[in-house]
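Good morning, and thank you for coming. I shall present one structure today, and I ask you to keep it in view while I speak.

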Amino acid sequence: MNRTANVVAIARREFSIRIRTRSFLIGTLLLVLGVVLIALLPTVISKIDTVDATKVTIVAADDALAGRSAATVSTLLNAGANAGQSGTSATAGQPDFVVGIATDLPAARAAVTRGEAAGVLGIERAADGTLAFTYYSNDPASGRTAGLLQQAANAIAVGDRLDRMSIPASQQATLFAPAAFAVAWPDPARTEPIQGGAAAVGQDMLAFGMTILIFMIVIMYGNWVAMSVVEEKSSRVMEVVLNAATPFQLLAGKVFGVGLVALIQYTAVVVAGGAALLGQPTIQSVVLGGPAAASTVPQGLTPELLLLFGLYGVLGFLLYASLYAAAGSLVSRMEDVTSAVMPMTLMSTGGYLIGIYASMGLLDARSGWITALTFVPFLSPFMMLGRVATGVAQPADVAVSLVLLVATIALAIWVAARIYAVGVLLYGQRPGARAVWRLLREGM
Amino acid sequence: MALVIEDLHKRFGAVEALDGISFSVQPGEVFGFLGANGAGKTTTMRIVLGLMKADSGTVTWGGRPVHDWPRRTWGYMPEERGLYAKMPVVDQLVHFASLYGIPRSRARADARAWLARFRIGDKADSRLETLSKGNQQKVQYIATILHGPDLLLMDEPFVGLDPVNVAMLKAAFLEMRDQGKTLVFSTHQLDQAEELCDSVAVIDHGRLVTTGSTRDVRRSTGHQVVRVATAGDDRGWLESMPGVTITRDGVDYAEVRVADGVSPQRILDAAIANGPVLRFEVGDPSLEQVFVERVGALEDDERTLASAGTVA
C-alpha cells in the first residue's frame, strides 16, 4: 500500500470535515475580526478621541494673559497626547484638546460640574505680580491632564516673569529652545542604530502578537489533534482504519490535515491583518475625514520576521501536534483528554509566558538563562521571535535553534508513532508513565 | 490459500488471553469462531489482522505471513461498530475504500449500489448518526467488503440485527462465499453458526476446545440425540424412561441424549404409545449442545455461555 496515498487520504478527511464545521467558521471569523480590529486600533482610538475632544477653559486676569496661556496649554496638551498615540490625531487634523477662554470663573466651574467641560484653569495675579494657578476638575489630581497643565502653568509663569523682567519675545524663544539629547548603546561595540520610539514599539509589538498567535496555534490545534484521536478511539473507528492504514500514516495524516486547517485559518488572519494595516490611511481618511496618507508597512514588519513567524509556527505545531496525538492515543474518553495533554500544555504555556515577559521587558531578554532557553526546542517557537525582534538574536542563533527544533520533531514523531501504535488499541485504564515507557521500549 | 493459525500465545499482564490457539480455515469456506465473551475471539482476530502482536505463534495465509499481503486482502468488521457518526454515509465508505487504494469514483458508485441493495440507498447522503442501529450495521458491513477483500473477519456481525436484516446479511455472506471469498466470523449465537458455517472452532478461556467441520464437531461427542414431539403437553413418559436425559425441554419439541446401548427405537415406541407423534428425529447434537457439554465439562464456574447461546 502506498504510504503517502493513505496519509493524504486521512489528511483529506480530517481537513474536509473540519473546514465545514461551524466552530471553524466562527473561530476564523472571530480571529480575523480581532486582528483587523487590533490593526485598526490607531484609527479607532482617533475616532473615539475626536468624538469627545476634551474641553479645557482658561479664566485669566486679563485678556492678553488668557490668550497666551490658552496657546501654551493647547500646544502642550495636544503635543503630549499625540506623542502617546503615534501622532495619528495630528494627521487627521483634529486636536484632542480644545482650549477655550472665559471670563466668568463661577459660570465656567458650573459648566465643568455639569460635565460640559473637563476642567477650568483659573489664573490669578497676586498683589506682587506673581501668577497663581488653580485647576478645577472632577478628574484625579494626579491625572495626565493635570500633570500636563502643571507643566503648562510653569511655562506660563516663567514666560510671565520674563515679560515682567522686560526680556523681548525673540530672546525668550532662544531661552526655551530644546537642549540636545541622545540615547546610545552602553556597549561601544554595538553599532546598529538604536530604534526610535515608534519603530521599536512596532517590532516588539509584532513579535509579541506573533508569539501569541503561535501559542494559540499550538494549544488550539494540538488539542484538535488529540480530540480527533480520542474521537476515533472512543467510536472504535480506529480499528477499522487500522486495518487499512498503519498507525504512523494515521498520525501523520491527522497532523497534516489539522495543520492545513491551521494554515488556512492563519493565512486568512495574516492577510486580513496585513490588508487592514495597508488600508489604514484610506480607512482613516474615510472615517476621520481629511486626505489619505500614503500606505506604509509598519517598520518592524520585515520579510525576515514574517518568514520566521511562519517557520516557528509550522515547526512548533508539528512538534506539539505529534505529541498531542500520542497523548490522545493513551485515553479512551473525551473527558480524559485534558489531563493526558497536560505535559504539553504546561510546557508550551511556560515557554509562552517567559517569551512574552521577555519581550515586554519584565524579564531581561539578554540574560544568560533566557538566551539558553530560546534554544530549547519545546520553547524556541515561543521565545525566539521576541529575541529576534529586539535585535538580540544573531542569525546563527536562529539557525541553531531551527536545526535543534527540526531534529527534535523527527525524534518526537518517532516516539509519538510508537506510543500511538500501542495506545490506539488500549482501552480502559489510562497507562501511567512507567507503562508508557515500557510500551516505548517494547513496542506492541 | 488456507489461513493457518499456529500456537498463538498472548498475555495481558496476569491474564493469559490466548494459550496455544491453533486452527486453520480453508479458502472459500464460511468459518465460525465460537466462544463466550472474553474467550479470546477478538484478540485472535486482531492478531490475524496484524493489529496486535502475538507473544508467540504464527499466522499465515497461503503459506505467507499475513503482513506480507497487501492490506486490501483483509476486511475487518470489529465487534463494536466503528464509523464516523457525523460524516455522511457514502463519504465515509469512500474514505475507507480509498485507504485500501480504491479510486474514489469507483468506491462511490460501488457504495451506492450496496446501499441500494441493503435498502438504505436514500440514506447515502445522511449523516451516519441519523440512521437506526441496524442500518448503521449494514453500513459497517459495506465498509468491510467495499474494497473487495479475499478474507473477511467479522466480530459478532449479527448482534443487534432484527430478523429481516439478519436474513439480508446472511444472503450477503453466502454471496461472498460464492464469489470465492473466505469468511471468518465470531459469534455466540450458535444456531447462526450451525446454519452458515462449513467449519468452526470453539475456544474458551484462551484455549481451543475443538475445531473441524461443523458436522464433525457435532459428531465429536460420540453420541446422538433424539428430537421428539407429541401432541400432548405431558412429557412424564419421556422423563421416566431409563437411559434417557432431556437436554432441551422446548415447547415445540424435546431433545434427549440417549445413553450408549439404548436404542432410539424404544423412544419412538414410547412416543407412539403416548399420543400422536408430531416429530421424531435421530441426529447429531446441535452445536449449542456440543458447546455446553464441552465447555461446561472444562470448568463449571461462571459459565455464561449456555444462557448466552439460548437467549440470543
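Of the 444 residues of chain A, 36% count as buried. A residue is called buried if 20 or more other C-beta atoms lie within 10 Å of its own, exposed if 12 or fewer do, and partly exposed in between, with C-beta atoms placed from the backbone. In chain B, which has 312 residues, buried residues make up 42%.

Please note that this is a predicted model, in which local features need pLDDT of at least 70 and side-chain atom pairs count only at pLDDT 80 or more, while totals for chains, interfaces and linings use all residues. Residues are numbered from 1 along each chain as its sequence is written, and chains are lettered from A and ligands numbered from 1 in the order in which they are written.

Let us turn to the secondary structure. Chain A contains 18 helices and 4 strands, whereas chain B has 11 helices and 14 strands. Both kinds of element are DSSP runs numbered from the N terminus: helices are H or I with at least four residues, and strands are E with at least two. Along the principal axes, the C-alpha atoms of chain B fill a box of roughly 70 × 45 × 35 Å.

Next, contacts. Two residues are in contact if their C-beta atoms, placed from the backbone, lie within 7 Å. Among contacts in chain A between residues at least 6 apart in sequence, 77% join residues at least 24 apart; for chain B the corresponding share is 69%.

How does α12(A), residues 303-329, pack with α16(A), residues 380-389? Their axes are 9 Å apart, at an angle of about 170 degrees. These axes are lines fitted to C-alpha atoms over the stretch in contact, and angles run from 0 to 180 degrees between N-to-C directions. The two helices are therefore roughly antiparallel to each other, a term for angles over 145 degrees. Among the residues that meet are A:Leu305 and A:Phe309 of α12(A), and A:Met384 and A:Val388 of α16(A). The residues of this contact divide into 10 nonpolar, 1 polar and no charged. Here Ala, Val, Leu, Ile, Met, Phe, Trp, Tyr, Cys and Pro count as nonpolar, Asp, Glu, Lys and Arg as charged, and the others, Gly among them, as polar.

We come to the interior. A nonpolar core is a set of buried Ala, Val, Leu, Ile, Met, Phe, Trp, Tyr and Cys residues joined through C-beta atoms within 7 Å. Which residues of the largest core touch the most other members? They are A:Ala325 and B:Leu93, out of 152 residues. The helix α12(A) gives the most to this core, with 14 residues. A second, separate core of 22 residues includes A:Val59 and A:Leu121.

In chain B, consider the strand β1(B), residues 3-12. With β2(B), residues 15-25, β1(B) pairs in the antiparallel sense over 8 bridges; pairing requires that DSSP find at least two bridges. Within this pair, B:Leu8 stands opposite B:Ile21. The hairpin has 2 residues between the strands, and B:Gly13 takes a positive phi near 60 degrees there. β1(B) also runs antiparallel to β4(B), residues 56-61, joined by 5 bridges, and B:Glu6 stands opposite B:Thr58.

Finally, the two chains meet: 23 residues of chain B are in contact with 20 residues of chain A. On the chain B side, α2(B) supplies the largest share, 4 residues. That side divides into 15 nonpolar, 4 polar and 4 charged residues.

How values were computed
Parallel < 35°, antiparallel > 145°, perpendicular 65-115°, else oblique.
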